[in-house]
Amino acid sequence: MIENISHDSVCEIRLARPPVNALDTDLLAAISREIGAAAADGASAIFLSGRPGMFSAGLDVPHLLTQTREQMLVFWREFFGAQQAIAASPVPIAAAITGHSPAGGAVLALHADYRVMAQATAAPAKYRIGLNEVQVGLFPGPIIYGALRRLVGPRHADRVMGGGLMLTAAEALEAGLVDRVVPEEQVVPAALEWARHLASLPPHALAQTRRMARADLVALTAGLGRQDYEAMNAAWFSDETQFTLRQLVERLKKN
Amino acid sequence: MIENISHDSVCEIRLARPPVNALDTDLLAAISREIGAAAADGASAIFLSGRPGMFSAGLDVPHLLTQTREQMLVFWREFFGAQQAIAASPVPIAAAITGHSPAGGAVLALHADYRVMAQATAAPAKYRIGLNEVQVGLFPGPIIYGALRRLVGPRHADRVMGGGLMLTAAEALEAGLVDRVVPEEQVVPAALEWARHLASLPPHALAQTRRMARADLVALTAGLGRQDYEAMNAAWFSDETQFTLRQLVERLKKN
Amino acid sequence: MIENISHDSVCEIRLARPPVNALDTDLLAAISREIGAAAADGASAIFLSGRPGMFSAGLDVPHLLTQTREQMLVFWREFFGAQQAIAASPVPIAAAITGHSPAGGAVLALHADYRVMAQATAAPAKYRIGLNEVQVGLFPGPIIYGALRRLVGPRHADRVMGGGLMLTAAEALEAGLVDRVVPEEQVVPAALEWARHLASLPPHALAQTRRMARADLVALTAGLGRQDYEAMNAAWFSDETQFTLRQLVERLKKN
């Protein structure tokens, strides 16, 4: 489900849940666990990556539609827990966005220190990233909106999240949703280059600066509890959301 | 004073107060009324437009200089009321900025979800948008500054509002003061295209997301009262402002 | 240490402490004093400039490493005092960034209304500006981070300050760390042009607008006291910082 790759002291956490790195409770828990383990093992920096062409397809909707309310409470806890693990990572953490990254895939990247995204090398293929929750009838809630708005400012946040937009890598760079765009075969090397630079800095000054700078990001997912997950459930189990998500699954089956 | 044009379920509210869509108490009240009526009539989205080459010339200064303090209190109420009507619109709302849009014209656009601006097709004409209140001696106050800063961030807000700058469409796009620039004959179609996309989204997820995202914008003009309008009057009736505005009117008469 | 140059009612405050305008207690106190004097003498606008190719090399590290804790408390008071003098200037104030501007040099510019930066005319020389405190083991603290984040937003602030990055003029323009880039011989004329435009505006409307817009910037350095300077000392006298700064000084001596 996850491959752990060492580049000297830099730890790559590669999402490897076939076929499209869809996020379920177990994968999210594994992401949190691996980040914790890497930091505890003395990694100097971390980056998440995916498979070529697909960072993560976002939530595993076909599976999640089979879950009970209680099971979904656990899912939300792990979903926001993984965001917290990324945001609060004690060492610098990047997202090597190796391909498409809709909704939940983009959400994970929002919480990293740095995002490098792959440009498809075989035109006309275009990888896209975005917050398209509204397109599929899902209210993204204040935490994801807060992390997006912190990164790109209110104008782009409202435009992308309100419109449920998926952006090309170039558009995402323009909007500040990613920090760098490179040809797809260079996305892991670019994340590694960033990680190595950060790892070369005086560690105390860096840690103190990151703690100060990211305090408001970390606060978004700190201290969440059952009522926050219940609020997500209220949206998830609403008629409109269930109807739209089931339509989406029908379309996916036909393709 | 206003033309109401239906594009299926999308409502275009076209400012039509000759000769330059200058804003007075009646036009502002009409804008608020039309937005309320469109939403009540089940419009799926709304956009404001102006006449070719002129979205709105801003406040009707020659007329407003004839108004008493009590009349100006009513004017400010309707000016901020129109901003509130736009900001709090229950359905998505765009500004189709069909041409020049100084001061009050730009202010209305700040509160929309989306702004598409016309590029003049016959060079060297250039349409401009900006917050040039300071140029004409007028203190814009915290509400307009707040809406501008929310949209473009402190750096551009301070630069544009402090310098009283009017930007070309291209400069406005660069600064984030507008979201898209198109040749002038395409500005209404572009606003309609945006409106139709928004209208196609699952309505509850969209409404909940817009309510969350725009809460801080709506709050700027919510709960205003007499003391806020008195503060605007204090600036309006100051010696410097009256002197500068009267000079402006003299120049306008000569041209 | 400082040259005072009048351009009609615009006052240029030129840093002139050989060889590289390194910031020590006296130069910082002089900057504050000159800004106060210019405003008191009725200057309509002010700009800071440096020597060709070097705006300021930042803190005078070799000298400051010889200072006691008590002397460093005085230094921090003057360092933040100069930032306060710039931020709270009653008349518009620009930074004419005539060349390199690392760390403390960049910090002064953050607090101005406007920043114009020199592009080196003899390629391949490139002037750079940045917040590279972390590179030299120094925790920049919440005030400098706050001023940077206000100017460029959280994404660029975290990237530049966390990575201790020095940007070329073009990169700084892209990030919003400066507002305009011109060939080096035009940097003073460009700052003067900006100052003259601001000086031409109705003074009360301008002053009121600047006071409103910059209130949060001014607040960052207002009301600081001994405990804030002690916090800077705690970082300065830490083992990592002392070690890294002494290494830096050794390298400087060898070159």
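**View 1. Strand β3 of chain C and its burial.** Strand β3 (residues 45–49) of chain C is mostly covered in this predicted model, with 5 of its 5 residues buried. A residue is called buried if 20 or more other C-beta atoms lie within 10 Å of its own, exposed if 12 or fewer, and partly exposed in between, with C-beta atoms placed from the backbone. Strands (E, at least two residues) and helices (H or I, at least four) are DSSP runs, numbered from the N terminus. In a regular strand the side chains alternate between the two faces of the sheet. On one side of β3(C) are Ala45(C), Phe47(C) and Ser49(C), on the other Ile46(C) and Leu48(C), and all are buried.

The model is predicted: local features need pLDDT of at least 70, side-chain atom pairs count only at pLDDT 80 or more, and totals for chains, interfaces and linings use all residues. Residues are numbered from 1 along each chain as its sequence is written, while chains are lettered from A and ligands numbered from 1 in the order in which they are written.

**View 2. The strand neighbours of β3(C).** Strand β2 (residues 10–15) of chain C runs parallel to β3(C), joined to it by 5 bridges. Two strands pair if DSSP finds at least two bridges between them. Val10(C) has Ala45(C) in β3(C) as its bridge partner. Between β2(C) and β3(C) the chain passes through helix α1 (residues 25–40) of chain C, and this β-α-β crossover is right-handed. Right-handed here means that, with the strands pointing away from the viewer, the path from the first strand over the helix to the second runs clockwise. β3(C) is also joined by 4 bridges to strand β5 (residues 93–97) of chain C, again in parallel. There, Phe47(C) has Ala94(C) in β5(C) as its bridge partner.

**View 3. An open sheet in chain B.** In chain B, 4 strands form an open sheet with mixed pairing, in the order β4-β6-β8-β9. The edge strands are β4 (53–54) and β9 (166–168) of chain B, each pairing on one side only. Strand β8 (residues 128–130) of chain B pairs with β9(B) in the antiparallel sense over 3 bridges. Arg128(B) stands opposite Thr168(B) in β9(B).

**View 4. Ala219 of chain B.** Ala219(B) lies in helix α9 (residues 215–221) of chain B. Ala219(B) is exposed, because it has 12 other C-beta atoms within 10 Å. Ala175(B) is 44 residues from Ala219(B) in sequence and 24 Å from it in space, C-alpha to C-alpha.

**View 5. The contact of chain C with chain A.** Here 22 residues of chain C are in contact with 20 residues of chain A. Contact means that the C-beta atoms of two residues, placed from the backbone, lie within 7 Å. On the chain C side, α5 (141–163) and α11 (239–254) each supply at least two residues. The largest share, 11 residues, comes from α5(C).
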